[in-house]
Amino acid sequence: MNLSDLPSLRESLTAQGLLANKGFGQHFLLDLNITRKIARLAGPLEDVAVIEVGPGPGGLTRALLETGAAHVIAVEKDRRFVPLLAELGEAAEGRLTVIEGDALAVDEAALLAAHAPGRPVRIVANLPYNVATPLLIKWLTGQTAIASMTLMFQKEVGIRIAARPGDDAYGRLAVITQAVADASIIMTLPGRAFTPPPKVESAVVQIVPRANRPAPALLAALERVTGAAFGQRRKMLRSSLKTLGGEALCLSVGLDPSARAEVIPVEGFLALAEAVL
Ligand code: SAM
């Protein structure tokens with residue numbers, strides 16, 4: 001069997017008697033037109049290794065393979081899907097590796113070295129919402145060079161990731177993401193696009209890390225500074241950053257101590273982080 005002969009996702013789920021498990025954040029994309037669009041938006045996939053988190057019944061996985069990904073490494077915590085994914089793996093003739101495990105715990109560098117050495121890597125996933133933000137932080141602050149991430153989040157989280165200074169949603173997540181990468185929302189989807197439908201809308205965010213990523217120590221300092229500044233976002237920096245140096249710290253990097261965190265651009269936070277290293 002090849003990819004185009006596989007049964008529909010709905011047929012496969014019914015045949016295996018598989019129902020979504022809420023505890024695993026399961027909201028499936030069973031419409032291949034949508035998963036193909038996401039795979040196309042993820043960028044050229046030829047010669048690329050794709051890491052997918054949570055393949056579930058494999059709709060996005062199938063689209064990634066059809067779009068020509070050189071290799072897909074799919075990490076799934078719910079073992080019930082492994083037989084379905086094995087069928088997909090056979091049709092993909094060796095281009096799919098399924099890892100049964102927790103994406104928060106896997107070592108991406110080791111997986112890539114074992115299954116797709118030397119290839120550039122993109123991460124593409126319809127993320128389980130309960131662990132989406134910790135996964136993003138893991139990839140942004142980790143050591144594996146990632147060419148791009150094309151990730152489905154709850155829309156509200158997507159807006160926070162791509163927010164700009166002055167936006168209501170601008171906060172820690174925007175600053176930490178944009179200190180490392182360019183981020184923008186490239187697609188939104190209503191709840192009814194998923195089975196079962198979540199109560200909220202969703203958004204696909206494109207995150208492209210820049211070549212000059214801040215060093216790990218600077219990112220750790222940035223986490224401290226943004227934690228303090230946005231922990232008390234209505235306060236002036238001189239008071240929210242008191243324990244880190246307050247007014248003198250702000251003045252040392254040319255920031256107005258009476259400004260609030262919500263208007264400080266990413267570069268301002270990087271300067272503060274540099275100063276508290
Ligand atoms: N990719 C599929 C799709 O688009 O139809 C499923 C997406 S569903 C929103 C999230 C998937 O992530 C589920 O298959 C779930 O079992 C899996 N999952 C949840 N937590 C996980 C974790 N910590 N590590 C790996 N997979 C996880």
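Predicted model: local features only at pLDDT ≥ 70, side-chain atom pairs only at ≥ 80, totals over all residues.
Me: Where is the place of Asp 47?
Reply: Residues are numbered from 1 along each chain as its sequence is written, and side-chain values use heavy atoms, leaving out hydrogens and water. Helices (H or I, at least four residues) and strands (E, at least two) are DSSP runs, numbered from the N terminus. Between two of these you'll find Asp 47, in the loop between helix 2 (32-41) and strand 1.

Me: What is phi of Asp 47 near?
Reply: Most residues other than glycine have a negative phi, and most peptide bonds are trans. Asp 47 isn't a glycine, yet its phi is positive, near 70 degrees.

Me: Is the peptide bond from Thr 195 to Pro 196 cis or trans?
Reply: Pro 196 belongs to the loop between strand 6 (181-189) and strand 7 (202-209). Omega for the bond from Thr 195 is near -10 degrees, and that bond is cis.

Me: What volume does the largest pocket have?
Reply: Rolling a probe the size of a water molecule over the atoms shows where empty space is left. On a 1 Å grid over the protein atoms alone, a cavity is a set of points where a 1.4 Å probe fits but cannot get out; a pocket is an open set with protein on both sides within 12 Å along at least five of seven lines; and lining residues have an atom within 4 Å of a point. Points are joined across faces, edges and corners, and a volume is the space filled by probe spheres set on them. For the largest pocket that gives about 440 Å³.

Me: Which residues lie nearest the centre of the largest pocket?
Reply: Strand 1 (49-53), helix 3 (59-66) and strand 2 (71-76) each supply at least two residues of its lining. There are 32 lining residues, and nearest the centre are Phe 24, Gly 25, Gly 54, Glu 76 and Pro 128.

Me: How much of the ligand does the protein bury?
Reply: Look at the polar contacts (N or O pairs within 3.5 Å): a polar side-chain atom of Gln 26 is 2.8 Å from a ligand oxygen. A ligand nitrogen is 3.4 Å from a polar backbone atom of Pro 55, and a backbone N or O atom of Lys 77 lies 3.3 Å from a ligand nitrogen. Accessible areas come from the Shrake-Rupley method with a 1.4 Å probe. Taken alone the ligand exposes 600 Å², and the protein buries 99%.

Me: Which element gives the largest share of the lining of the largest cavity?
Reply: Two cavities of 30 Å³ or more turn up, and the largest has a volume of about 70 Å³. Its lining includes Leu 6, Pro 57 and Arg 62, while helix 1 (9-16) and helix 4 (82-91) are the elements that give two or more residues. The largest share, three residues, comes from helix 4.

Me: Which strand gives the most to the lining of the second largest cavity?
Reply: This cavity holds about 40 Å³ of space, and Ile 38, Asn 126 and Val 204 are among its lining residues. Strand 4 (121-126) and strand 5 (148-154) each give two or more residues. With three residues, the top giver is strand 5.

Conventions: Polar contact = N/O pair within 3.5 Å; in protein donor to acceptor, adjacent residues only side chain to side chain.
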